[in-house]
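Trainee: I have a structure open and would like to talk it through. Can we take it piece by piece?

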Amino acid sequence: MTAREATLARIRAAIGDAPSVPAIPRDYRVRGDLEAGAAASLFAQRAAEYRAAVHHTGLDGVPALIATILASAGDTRAVVPTGLPADWLAEVPSSVLVYTDDGGMTTEDLDAVDVVVTGCAVAIAETGTVVLDGAPDQGRRVITLLPDHHICVVSVDRIVATVPEGLHRLDPTRPLTMISGPSATSDIELTRVEGVHGPRNLDVIIATAG
Amino acid sequence: MSDTPAPTAPIHAPAGVGMLRGARTFPEAARQALGDPQLRHNLGHATATIREKRANVVAEVADWAELRNAGEAIKSATMATLDEQLIRLEHQVTAAGGVVHWASDADSANEIVARLVRETGSREVVKVKSMATQEIGLNDALAQAGIDAYETDLAELIVQLGGDLPSHILVPAIHRNRAEIRNLFLRAIPDIDPGLTDDPRALAAAARRHLRQRFLAAKVAVSGANFAVAETGTLCVVESEGNGRMCLTLPDTLITVMGIEKVVPSWRDLEVFLQLLPRSSTGERMNPYTSLWTGAHRGDGPRAVHLVLLDNGRTSVLADQVGRDALNCIRCSACLNVCPVYQRTGGHAYGSVYPGPIGAILSPQLTGIEHNASLPYASTLCGACYDVCPVKIDIPSILVHLRAQDVEVKRARRDVPTPESVAMAAAAWTMTDDRRWSRAQRSSRLARLVGRRRDKARGLIRSLPGPLAAWTVARDAPRPPAQTFREWWARERSSDGQRR
Ligand code: SF4
């Protein structure tokens, strides 16, 4: 008998008393009762509470804002996924080296990069979370992991109020990363320290259409 | 009867491997811990901090009660159909390019992981915090196979560098303060800056530098999983530091070791647990990073993805109609932080990777009660653990149930009573009342527990409360208690009533 068959047999024997299978009461809140604008401002507030730097702009203000953030961080090497809207980097000065990751960059290449710029799949207001799903404007997981600075552009139509709404919009078969603020630890005396292995700086740009 | 048990007979976690049995009984270990003022100070500070954080973020969730009800029901429904759920999970993981392995116990899980690592040709693995791999003693088993395992979670690193044992589910180095950690780093990390201060920020930065090259070079990672979705084959790791993302993304091979009880039926179920877990655990609205992956993702992350499904005594927990609810645990550690016993003794006294109230009900069931007979007494039955548990595990009732079992086992063996069963008023009391109490009075007691005030003079008590006070007396043999458990309980109850 294989370990698989043996384990399943032990499980079946253990639940041989046919324990009842309760119905799942899903009377918790699924939808938030927030207007679109209110969700965006709650998201901004909650993301900032987790020490993300939050910026607001219209969609056409994104290129200038990205250039400003790069300049003030002193970033000189950037990586972007293949599907990032080209005009988002239009105002980045030529002194900044921009790599486009087509899947060929090595971990060493990426380790030498200062900043990554991506979009996001979903943002969850109540928890201040952005979710990446590997779509062309977000790229493979490693590009948002090794650079120490992540600039994430969140278009307001991607913002939902609640965790259930957020998960509902996601495709579970994609590689998903939920990010709430920069990496952190509370392992030493429960004191929260931002910045361990993941990016130590997270900028979130909330972009309103038009 | 042959010597080999029938395949369906429940098996317990084997002895001699892993970390479920302490070398000493709880009273012995607790007495030592209670004599360590530094430990008690560290614990008191840390648990108070996290209790307050948790309370704040739970209070802002209007539908917390509904979420707990859903969480409880999802877990109970899962356990009642566990065979089906695991088969669905296996099917989906396999369909997505993963490989599923089944391990009946710690030894076979260790063997599987060691073989998988060896097959990659690598001699080292990076690890992201996983209770299951500590439970089975994976690091030791890998070391014996000539494979180095490196813990990457800051707290686990602290524990590993110190040759120490974890003492808390969420914050395994909770027993260490910053000065101790600084000294440890100076001693154990090669090339460390001798000017390192004890600022947590500086300590975290030192850990980052120490582990960076290791992550970049790693070929194999071993992880745990917080949840596995049967419907989709999706695995989920919840973390804070980014070491999890490193382990789950950079290596070519990812081996996940997961207890069979971690499966949840549907994708939708995560919308409940991803609200309950972070708020109960770190006291955050959401932990910094949650990673979800389904098999191997082409061009993104590990190319070889393995899932080891671990029993190691879980089916014998499942076979116990009262005790099986212990499998519903999502390892948030909230029950540790509110437990008046844990707060004073710390995690090491429990002798298991699972400390605190959940440990007191899980470890004895995984190993068989005779191997952890003192743990079900490591509680005052105050009910605070039940109040905070995000999946509503009735820990006090299970404790009472296990005490009855312990007494039955001892009676059947005609054992002379152990010192703790003499010392514990509970012993005399359980023999007559336990089962009646746990069955007939379950509901009325629950009503009382729910209404109780949680933090009753917690900081003022200098010894263990109730009948456990006997353990705190510095003598070789515990002193018989001054009052029976029933008297103590009756008094507690009435004084509580007056206060309200
Ligand atoms: S028993 Fe409940 S409170 Fe304790 S760790 Fe498990 S889920 Fe959390």
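Predicted model: local features only at pLDDT ≥ 70, side-chain atom pairs only at ≥ 80, totals over all residues.

Trainee: Ligand first. Which residues surround the ligand?

Mentor: They come from chain B: B:Cys329, B:Ile330, B:Arg331, B:Cys332, B:Ser333, B:Cys335, B:Ile358, B:Cys389, B:Pro390, B:Val391, B:Ile393 and B:Ile395.

Trainee: How does that shell divide into nonpolar, polar and charged?

Mentor: Ten of the shell residues are nonpolar, one is polar and one is charged.

Trainee: And which cavity does the ligand sit in?

Mentor: The second largest cavity.

Trainee: B:Ser333 is on your list of surrounding residues. Where is B:Ser333 found in the chain?

Mentor: In chain B, the loop between helix H13 (314-318) and helix H14 (334-338) holds B:Ser333. Its phi is near 80°, which is positive although the residue is not glycine.

Trainee: Is B:Ser333 buried or exposed?

Mentor: B:Ser333 counts as buried because its relative accessibility is 2%, and the cut-off for buried is under 20%.

Trainee: What about phi of B:Leu381?

Mentor: Phi of B:Leu381 is near 60°, another positive value in a residue other than glycine. B:Leu381 is in the chain B loop between helix H16 (356-367) and helix H17 (384-388). With 1% relative accessibility, B:Leu381 counts as buried.

Trainee: Now the cores. Which residues touch the most other members of the largest nonpolar core?

Mentor: That core has 149 residues, and the ones touching the most other members are B:Leu89, B:Phe185, B:Phe227, B:Leu270, B:Leu274, B:Leu309 and B:Ile361. The element giving the most to this core is helix H10 (residues 200-217) of chain B, with seven residues. Apart from this core there is another one of 23 residues, including B:Val17, B:Val113, B:Ile136 and B:Val220.

Trainee: Take B:Leu309. What does B:Leu309 touch?

Mentor: Leaving out residues up to four places away in sequence, B:Leu309 touches B:Leu86, B:Leu89, B:Val100, B:His101, B:Trp102, B:Ala103, B:Met258 and B:Ile260.

Trainee: And B:Val237, where does that lie?

Mentor: B:Val237 is part of strand S6 (residues 234-239) in chain B. It counts as buried, at 6% relative accessibility. Beyond its neighbours within four places in sequence, B:Val237 has contacts that include B:Ser223, B:Asn226, B:Leu248, B:Tyr289 and B:Trp293.

Trainee: Change of topic: chain A. How many helices and strands does chain A have?

Mentor: Five helices and twelve strands. The C-alpha trace of chain A spans about 70 × 45 × 40 Å along its principal axes. Of its 210 residues, 59% are buried. When contacts in chain A between residues at least 6 apart in sequence are considered, 71% join residues at least 24 apart.

Trainee: Last one, A:Ser95. Is A:Ser95 buried or exposed?

Mentor: A:Ser95 counts as exposed because its relative accessibility is 57%, where exposed means over 50%. It is in the chain A loop between strand S2 (77-81) and strand S3 (97-101). The C-alpha atoms of A:Ser95 and A:Arg77 are 8.9 Å from each other, and the two are 18 residues apart along the chain.

Notes:
Residues numbered from 1 in each chain as written. Chains lettered and ligands numbered in written order. Heavy atoms only, no water. Near = heavy atom within 4 Å. 1 Å grid on protein atoms, 1.4 Å probe; cavity = no way out; pocket = protein on both sides within 12 Å on 5 of 7 lines; lining within 4 Å. Sits in = over half its atoms within 2 Å of the grid points. Nonpolar A, V, L, I, M, F, W, Y, C, P; charged D, E, K, R; others polar. Core = buried A, V, L, I, M, F, W, Y, C linked by side-chain atoms within 4.5 Å. Buried < 20%, exposed > 50% of the residue type's maximum accessible area, 1.4 Å probe, protein only. Helix = DSSP H or I, 4+ residues; strand = E, 2+ residues; numbered from the N terminus. Contact = heavy atoms within 4.5 Å.
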